Amino acid sequence: MTDADLMAPFDDEVVRAVAAENDVSRDVLADALVDHQRTMQENPGVEDLVYEWRKQYADPVLERTPDRYVVGVRAAVWEEYGEYLDLDDQVLAALVAVHQEQVLRTLSADALAGAENLVPLIAVRSQSA
């Protein structure tokens with residue numbers, strides 16, 4: 001997948017606004033978004049991750065389309081990605097905020113019901129999924 005494919009679920013307006021709010025360069029944040037998506041694609045794969053999250057959490061899938069999953073995960077999942085990707089706290093906070101803001105802009109309140117204690121995560125599905 002190309003970087004553009006991995007960035008497809010994220011409106012550039014959202015990325016720019018979150019970057020500015022978190023005092024992070026837009027390019028640094030975009031690189032973190034791509035790295036995070038690529039990591040999920042490669043290790044162990046988005047479908048496998050979603051399967052594992054379904055086993056761990058009660059109904060974590062908030063939306064499933066041919067292009068993406070939106071899931072609710074515990075904050076610890078994000079912390080693990082931050083460590084794995086060697087992100088500083090500021091960039092990690094911005095990365096999480098982009099996912100949250102994009103989900104708030106695209107999903108209905110009904111779709112988000114029941115996910116109050118979970119943090120949204122958008123996972124791009126591979127084109128062969």
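This is a predicted model: local features need pLDDT of at least 70, side-chain atom pairs count only at pLDDT 80 or more; totals for chains, interfaces and linings use all residues.
Which residues does Arg-68 touch, leaving aside those up to four places away in sequence?

Numbering starts from 1 along each chain as its sequence is written, and side-chain values use heavy atoms, with hydrogens and water left out.

**View A. Arg-68 and its neighbours.**
Arg-68 sits in strand S2 (strands, at least two residues of E, and helices, at least four of H or I, are DSSP runs numbered from the N terminus). Its contacts, not counting residues up to four places away in sequence, are Pro-9, Glu-63, Thr-106, Leu-107, Ile-122, Ala-123, Val-124 and Arg-125 (heavy atoms within 4.5 Å). With Glu-63, the side chain of Arg-68 makes a polar contact of 2.4 Å (N or O atoms within 3.5 Å, one able to donate a hydrogen and the other to accept it; residues adjacent in sequence count only through side-chain atoms on both sides). Is Arg-68 buried or exposed? Arg-68 is buried, because its relative accessible area is 10% (buried is under 20%, exposed over 50%, with a 1.4 Å probe and protein chains only).

Strand S1 covers residues 61-64 and strand S2 covers residues 68-73; the two run antiparallel, joined by three bridges (pairing takes at least two DSSP bridges). Look for Arg-64, which stands opposite Tyr-69 in S2. Three residues make up the hairpin link from S1 to S2.

**View C. The largest pocket.**
How much space is in here? About 220 Å³ (the space filled by probe spheres set on the grid points). A pocket is an open set of points on a 1 Å grid where a 1.4 Å probe fits, with protein on both sides within 12 Å along at least five of seven lines, and lining residues have an atom within 4 Å of a point. Around this pocket you'll find Thr-39, Asn-43, Pro-44, Asp-48, Leu-49, Glu-52, Trp-53, Gln-56, Val-77, Glu-80, Tyr-81 and Tyr-84. Helix H4 (46-56) and helix H5 (75-84) are the elements that give two or more residues to this lining, and H4 has the largest share, with five. By class, the lining holds six nonpolar, three polar and three charged residues (Asp, Glu, Lys and Arg are charged; Tyr and Pro count with the nonpolar ones, Gly with the polar ones).

**View D. The cis bond at Pro-44.**
Pro-44, one of the residues lining the largest pocket, is joined to Asn-43 by a cis peptide bond, with omega at about 0°. You'll find Pro-44 in the loop between helix H3 (26-42) and H4.

**View E. The second largest pocket.**
This pocket has a volume of about 150 Å³. Eleven residues line it, and the closest to its centre are Asp-5, Ala-8, Asp-67, Val-124 and Arg-125. The lining splits into five nonpolar, two polar and four charged residues.

Asp-23 lies in the loop between helix H2 (12-21) and H3, and its phi is near 55°, a positive value in a residue other than glycine. Asp-23 is exposed, with a relative accessible area of 66%. Asp-86, in the loop between H5 and helix H6 (89-106), also has a positive phi near 55° and counts as exposed at 68% relative accessibility. Asp-110 belongs to helix H7 (residues 109-112) and is exposed too, with a relative accessible area of 70%. The C-alpha atoms of Asp-110 and Lys-55 are separated by 22 Å, and the two residues are 55 residues apart along the chain.
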